[in-house]
Amino acid sequence: MEHKEAFVKRADEHIILANNQIDDTTTPAEASASFLFGAARFNAWIAACEFESAEAMAEEKQKVVDYFVKEYKIMLDQHIQEHIDTFDFNA
């Protein structure tokens, strides 16, 4: 259980950072776009660390993209469903 708690804590820290970037000059959508861009850039770097060469990475590029897209879709679907299940704009 500690592993899951640490996982959620790290995710919450990213969310807090994104929320703190929302102000009079940055909209939630802009903070979200930056968050997605950063995640994509970080995940590309993580993937690159697994390969011995650019050629090897190029050969596996689609598998890497498919993996991250699949995982993001699962997580996004889960969180949207949680908002649907607990929908309350007054909260």
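I take the bend at a residue as the angle between two axes, one fitted to the seven residues ending there and the other to the seven starting there. The model I am reading is predicted, so I keep in mind that local features need pLDDT of at least 70 and side-chain atom pairs count only at pLDDT 80 or more, while totals for chains, interfaces and linings use all residues. Residues are numbered from 1 along each chain as its sequence is written, and side-chain values use heavy atoms, with hydrogens and water left out.

**Entry 1, helix 3.** I looked up the bend in helix 3 and found a kink of about 55 degrees, centred on Glu60. Helices here are DSSP runs of H or I with at least four residues, numbered from the N terminus. Helix 3 covers residues 54-85, 32 residues in all, and its first and last C-alpha atoms are 44 Å apart, close to the 46 Å expected at 1.5 Å a residue (1.5 Å times one less than the number of residues).

I noted a volume of about 2,000 Å³ for the largest pocket, the volume being the space filled by probe spheres set on grid points that are joined across faces, edges and corners. A pocket is an open set of points on a 1 Å grid over the protein atoms alone, where a 1.4 Å probe fits, with protein on both sides within 12 Å along at least five of seven lines; lining residues have an atom within 4 Å of a point. Of the 42 lining residues, Phe35, Leu36, Ala39, Tyr72 and Met75 are the closest to the centre of the pocket. Helix 1 (2-20), helix 2 (28-48) and helix 3 each give at least two residues to this lining, and the largest share, 18 residues, belongs to helix 3.

I found two aromatic pairs in the structure, counting rings of Phe, Tyr and Trp (its six-membered ring) whose centres lie within 6.5 Å, with planes under 30 degrees apart called stacked, over 60 edge-to-face and the rest tilted. The ring centres of Phe42 and Trp45 are 5.8 Å apart and the planes stand at 40 degrees, so this pair is tilted. Both residues belong to helix 2, three residues apart, about one turn of the helix. For Tyr67 and Phe68 the centres are 5.1 Å apart and the planes at 75 degrees, so that pair is edge-to-face.

I checked relative accessible area (buried under 20%, exposed over 50%, partly exposed in between, with a 1.4 Å probe and protein chains only). Phe42 is partly exposed at 48%, and Tyr67 is partly exposed at 46%. Glu50, in the loop between helix 2 and helix 3, is exposed at 64%.
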